[in-house]
Amino acid sequence: MKMINIGPLFFIKLVVYGVIGILVIQTFLIQVLNREVYQAETKTMVTRTKNIYAERGQIMDRNGVVFADNLRDSVKTEDFTRVFLQGKLASQIVGKVGYNGVGSMGMERIFDLRLRGSEGFRVSIQDAKSREIYGRSENVAEAEPGNNLVLTIDRNMQEIVEKELKAGVSEFKATSASAVVIDPYTGEVLAMASYPTFDPNSKKQGVGSMAKNDIVAMSYEPGSTFKVITAAAALENSVVSPDSVFENEGKCWKWSEKSEKICDTHIYGDMDMAEAMVQSSNIVYGKIADKVGAEKLYLMARNFGFGMRTSDAFYGEESGKILQPYELTRDDRTLKTMGFGHALMATPIQLVMAYSAVANGGKLMEPMIVKEWRDSKGNLVEKREPVEVRRVISEKTAADIRQMLHRVVNNGTAKKVMSKKIPDVVFGGKTGTAEKYNQETHKYDRDHQVASFIGLAPVENARFVCMVLVDDPQTAQKHGGNTAGPIFRRIMEGIYYHPELSPASYGLAVVDSKNRCKGDFVGMKADAAKSLAASRNCPVKFEGEGSRVISERRDMSDSLELTLMLGEMTAGKMPDLKGLSLKDALEIAGNIRMNVEYTGKGRVVAQSPKADEELRKGQICKLTLKERG
C-alpha cells in the first residue's frame, strides 16, 4: 500500500483553515444567534445610571439669617456638604446631618423629608476609561431642592441667651443651665438654649448629652414655680379668696401624729395667698392644695398642659407626668406636696407656656418654633399661625396672679431680679428650687438641686416670658432667686439694650451718632424722652397733653426736628399714627391690644379709627401706608 506523504506545508494549511473555521463559527454565534445578548452586554459596559442629589433646604432665623446651608463638593459637583454658618449658636435647635445625608437631630431630623427634597436620576454614557461623554448623557429626572425652613427664633436674642448661660454655669459652678424666651401672645420661641452645647461642623467632637435641649427634654419636679398653678386652681374654683388668711404654723406643719411634716425655710407668721407666694411658703400652698382637692387640682394642671407634650416640632420632647386624683389621695400627704411642685414631673417648656397664659390674660398657646416654609427661590410655601390651645383661666385670675408675681420680685424671693440698668421695666416672676430625688436612698437630696426662675418682662402687657434653669449649682447660694434670677436679669438687660431687639416703648437701643434722632421715644415718660433727646443732641418739640409719648412724627420735609405727641397709653381713645413707620404704628397698636390690617408700604398716611376716636372692644385698626415722594 502506498503511503501519503503529508508535508509541513499541508499541516500548516490545515491549522490555518481550522482557526478560520472556528472564527467563522464564533462570529456567527455572536452576530447572528446571540446578537441581542452581546449587544445588551456591550451597552452596560458604557452606560451608567446614578442619582442626582437634591440640594437640602436652608434653615434660618425669623429675619433670614442662615444657620444651615450647603457647600457644593468641588470634586463631585452633584454632591453637597452641610455647613452650619453660625457654628455652635442654636445648634441644639437646628441639629445636625449624618454622614448619609439624613438629619440626625434637631430640626434637621424632625423635618428631614421637607428639607431633603427629591433626588433626580441621570443616565451617563462613558468611554473605555470610564469618563462620562457629556454630549450623550442626560438627566432623566431633575432633582427638586428641599424647602427652606424659617424658625421663630431671633439670632441676636439667641446669642444673648447663650452668652449669659455660659457665664452663669461658670459663676454658679453648675452642671448646666438652660433658658427659653417666649412671646406670650403668639407662643413664638424667640430663643432657646442649653449650655454646654456642641459644634455641628466638627467631625471629631462627640455630641452626647450636649445635644440635649433641656427646655423640652428635661423632666423634673418643678418645685415652687408650680405654685402659680395651685393659685390658679384656687381662684378659678373660688375655693380660696385672695384675702383668706392662713394661720401661722411655725417653721413646720404637722397635721396629724403620723404625718410627715412640711416645712418652710423661715417662720413667716399669718399669711394670705399672695404673701405666701411672695415668701414661697410650702405650708400655705400645701393647705391651699388640700382645700382645692385632688380632682380640681389635677384638672387645672391638665388644662395648663402638664403631663403631655406641647408640640410635635421639638426634638426629644418629654411629656412629664402628673398623678391621677385617686393616686393623689392614696395618703394624706401627696396632694399637699403637689401644691408646691412635688409629686409631679414637668418640663420647662410646659411651665413657661403656663406662665405665658398668665401673662396674656389666660390663654394657653402652643409653642411655635416654625414660622414659615419657603421654596428654593424664596417664595412662601406655608405660613404657620399662632395656635390657641384653650382658655385655662379668666382674665381676672390671670391679673391677680400677675400682681402676686410682681410682689415676688419687688419684695420677695426674687429681689436680685430687679435691674438698675432698666428700672422702667417692671418685672414679675417666681423662683423655684427643687431638690433632686435620689433613687437609691428614696429621699430628696439637699445637695443636688434644680434652681429656676420664670419671669414676665414687663409684668403687665408682657413682651417676653423667660425661664432660666440652673442644674446643680454648687455655690453657697443655690436658691433660684440667687442663681437663675440674675441670669434672667442679664438676659433681659441684653435684649432691652440691643439696637435691633429693644422694644420701641423703652428706646434703650444704642443710637448711631450720624443719625441723632434715630430710635424710638414712644412709650417713654415725657421727662425721660426730653433727657434722652438732649443727650443725643436731637431737636424735639412736644404736642398734646399727657405723661407719655404716644407717637412721634417727622415732617415730610428734610427737617431734623422730631415732634413727640404726648398722651396717655390707654385703650380709651385711638392715638394718632399718621407719619409713623409701620414698626412704630404696630408697637403703639400692640400697647393698646389692637389688631392691625394695613396696605401699602412706607409711612402711615391714613388710619381708621381716626385719632382721638373712642375705641370699642375687638376693633381692628386699618392703616394705609405710602412712601415719600
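Predicted model: local features only at pLDDT ≥ 70, side-chain atom pairs only at ≥ 80, totals over all residues.

Q: With which residue does Asp214 meet in a salt bridge?

A: In general, a salt bridge requires a side-chain nitrogen of Lys or Arg within 4 Å of a carboxyl oxygen of Asp or Glu. Here the side chain of Asp214 meets that of Lys212, with an N to O distance of 3.8 Å. Lys212 is partly exposed, its relative accessible area being 42%.

Q: How many salt bridges does the structure hold?

A: There are 23 salt bridges in the structure. One of them joins Asp112 and Arg56, whose closest N and O atoms are 2.9 Å apart.

Q: Why does the pair of Asp112 and Arg56 tie together parts that are 56 residues apart in sequence?

A: One looks up the element that holds each partner. Asp112 belongs to helix H5 (residues 112-116), whereas Arg56 is in the loop between strand S1 (47-52) and strand S2 (59-60), so the pair ties together parts separated by 56 residues in sequence.

Q: Are Asp112 and Arg56 buried or exposed?

A: Both Asp112 and Arg56 are buried. They also take part in a network of salt bridges that links Arg56, Arg82, Glu108, Asp112 and Arg116.

Q: Which residue forms a salt bridge with Glu460?

A: The partner of Glu460 is Arg402, and their closest N and O atoms are 3.0 Å apart. This pair links distant parts of the chain, 58 residues apart: Glu460 in the loop between strand S23 (443-457) and strand S24 (464-471), and Arg402 in helix H15 (residues 395-411). Glu460 is partly exposed at 31% relative accessible area, while Arg402 counts as buried at 10% relative accessibility.

Key. Residues numbered from 1 in each chain as written. Heavy atoms only, no water. Helix = DSSP H or I, 4+ residues; strand = E, 2+ residues; numbered from the N terminus. Buried < 20%, exposed > 50% of the residue type's maximum accessible area, 1.4 Å probe, protein only.
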